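Colleague: I am new to this structure. Could you take me through how its parts pack and pair?

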Amino acid sequence: MNLILRPVAAEFSKILTTRMWWILALVLFGYIALIACGLAALFGGLDSGAISPDAVNSGGGTAGLTGLGSIPPLIYSFAASVGYVFPVLLGALATTGEFRHQTLTPTFLATPKRGRVLGAKTVALIVMGAALGVVALAASVGIGALVLGGFGIDPLLADGETWGLIGRTVLAMAVWAVIGVGLGVLVPSQVASIVIVLAFTQFIEPLLRFASTFTQITADIGKFLPGAASDALVGESFFTLASPGGAVLTSWQGGLVLLAYGLLATAAGYFISWKRDVT
Amino acid sequence: MPLGAVIEFTNITKKFGQVTAVNDLSFTVEPGRVTGFLGPNGAGKTTTLRMLLGLVAPTSGTATFGGLRYRDLARPLNTVGAALEAANFHPGRTAAHHLGVYTTAAGIPRTRVAEVLHTVGLAEHATQRVGGYSLGMRQRLGLAYSLLGDPGVLVLDEPINGLDPEGIKWIRGFLSSMAAEGRTVLVSSHLLSEVQQSVDDVIIIAKGELVHSGPLSSLDTDIAPQVIVDSPDRDALVTALTEAGLAFTSGRTGLIVAVPDPGQVGHIAFAAGVELNVLHRQKAGLEDSFLALVEGGDSL
């Protein structure tokens, strides 16, 4: 145990000794399992003829939906494209909780080098975010593959590309937790932080991403939105399927853009709130 | 046995915008003694202590432990133990987990958690969530946190607030025993009477400025001290005091004589053959001079 590892271990201990992490994990699992189960049943039903294709009005982006080869990864990708809110919330709650419950005082007394504490929190949340990624995948891949298999569709679990997707999903969820930490230090008010997370991820960003596809110029900007970058990193999402022709980043570009959001927010928050007087 | 370090404030000043909360404070706190840091609410005590602990950045000046700033201490929790207020907890965490987080952060053996909880009398509430704690229990938990590293210096902000009489009695004995072991003990309070039984030295501030520092007895000088005396035969006592030429007034619990020495009054009564059932020095004198200091701002 040295000066770097001790604060990291303390941050893990903070997360694991309150109830929030497993409540979020439980809700995440249920939510993703529901979506994966429903969609796998829908596509499975269409494929097996149990549901007539005429009964489905699939709107604009039908191209990807009929090519059955892409259906399992699409269902698996819901782990990140829907579940990413959960690591953001966990990161934001871990940070804003320190302000709200005034635990910054005992924290900074035990570790007076404040940058070290924020670094430790970021490291701990990367691991927790990855763990939430595993939980989300257990729902999307576990439940999704089971239902697809039930309809006689190959869940592609032997496919290397599927496992690539799984690995990139874990990575994306880890980086989203860093963004949560960054948001928490930028906006230390817990209520404001949660409102921003929910409003931005559930409403503002989807609208912006949709609107940005209207012209080439806005599309070139829109692909840098965090959700678009995350989808690019994972490599598959219902959103990119629903906006055919939309500009996308490559996988590694998406990952770097997403990480940049997290690190920039954390660094800015360090100066805005973390270094301030604790009164 | 950890050794106490000298706490030294040098010209420390804190301004919040236009408001000067602490103005050019300089004083030292010695090991082996309990030092009361006194002043009315809003005098700047908490801000001063937070500057000492590196939580608030001073506008100018320094505060050190044996010459080192808090953030430069190699093992802060093993050098300085601090309890600042009774609300630094996540309500959903148990007391043992709360303390465990910080033993992990500071590299202190986990066994200390049970030890300090036992010391402050919370052993049987160790696995209870802190959200259900009373104010007095939170005070004790804050104190437990300060003791984790068995530090040579204790800095406690209003530790007596919210304690029941039994707790107050306990903490007084506790502070004295810590100082007797050679530790530096700095305790803030807005009430002199709350700490006067346990402090050796006092630092008094008002409106962010130092108004007095010295041993507790130094408060006991200029403001006219008084002796309370009473007898089953009060008329005889009145006659004796009048004949001795002492000025006195009649109070609820006896006669209030305007002399500092109870022995002098006792001798007069003895010489006159008057039986006494009350003879003591008026203790409110300390509180009176404390109030005169923080209100008037005059030095003794």
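Modeller: A definition comes before the rest: a crossing is left-handed if the near helix is turned anticlockwise from the far one by less than a right angle, and right-handed if clockwise. Note also that this is a predicted model.

Colleague: Which hand does the crossing of helix 12 of chain A and helix 14 of chain A have?

Modeller: Helix 12 covers residues 226-234 of chain A and helix 14 covers residues 251-274 of chain A. Their axes come within 7 Å and cross at roughly 140°. That angle makes helix 12 of chain A oblique to helix 14 of chain A. By the definition above, the hand of this crossing of helix 12 and helix 14 of chain A is left-handed.

Colleague: How many charged residues does the contact of helix 12 of chain A with helix 14 of chain A have?

Modeller: On the side of helix 12 of chain A, the contact includes A:Pro226, A:Ala229 and A:Leu233. These meet residues of helix 14 of chain A, among them A:Gly254, A:Gly255 and A:Tyr261. By class, the contact of helix 12 with helix 14 of chain A has seven nonpolar and four polar residues, and the charged ones number no residues.

Colleague: Are helix 9 of chain A and helix 12 of chain A roughly parallel or roughly antiparallel to each other?

Modeller: The axes of helix 9 (residues 160-186) of chain A and helix 12 of chain A come within 8 Å and cross at roughly 150°. Angles over 145 degrees count as roughly antiparallel. Helix 9 of chain A and helix 12 of chain A are therefore roughly antiparallel.

Colleague: How many charged residues are in the contact of helix 9 of chain A with helix 12 of chain A?

Modeller: The crossing of helix 9 and helix 12 of chain A is right-handed. A:Arg168, A:Leu171 and A:Trp176 are among the residues of helix 9 of chain A that take part, and A:Gly227 and A:Val234 are among those of helix 12 of chain A. The contact of helix 9 with helix 12 of chain A divides into seven nonpolar residues, three polar and, as charged, one.

Colleague: At what angle do helix 1 of chain A and helix 8 of chain A pack?

Modeller: Helix 1 is residues 5-16 of chain A and helix 8 is residues 114-150 of chain A, with their axes 8 Å apart. Helix 1 of chain A passes helix 8 of chain A in a right-handed crossing.

Colleague: Which residue of chain B forms a salt bridge with A:Asp277?

Modeller: The contact between the chains takes 31 residues from chain B and 26 residues from chain A, and the area buried there is about 2,600 Å². Between chain B and chain A the count is one salt bridge. Its closest N and O atoms are 2.7 Å apart, and the partner of A:Asp277 is B:Lys14.

Technical notes:
Residues are numbered from 1 along each chain as its sequence is written. Chains are lettered from A and ligands numbered from 1 in the order in which they are written. This is a predicted model: local features need pLDDT of at least 70, side-chain atom pairs count only at pLDDT 80 or more; totals for chains, interfaces and linings use all residues. Side-chain values use heavy atoms; hydrogens and water are left out. Axes are lines fitted to C-alpha atoms, for helices over the stretch in contact, and angles run from 0 to 180 degrees between N-to-C directions. Helices (H or I, at least four residues) and strands (E, at least two) are DSSP runs, numbered from the N terminus. Contact means heavy atoms within 4.5 Å. Buried area is the accessible area (1.4 Å probe) that two parts lose on being put together, summed over both. A salt bridge is a side-chain nitrogen of Lys or Arg within 4 Å of a carboxyl oxygen of Asp or Glu. Angles under 35 degrees count as roughly parallel, over 145 as roughly antiparallel, 65 to 115 as roughly perpendicular and the rest as oblique. Ala, Val, Leu, Ile, Met, Phe, Trp, Tyr, Cys and Pro count as nonpolar, Asp, Glu, Lys and Arg as charged, and the others, Gly among them, as polar.
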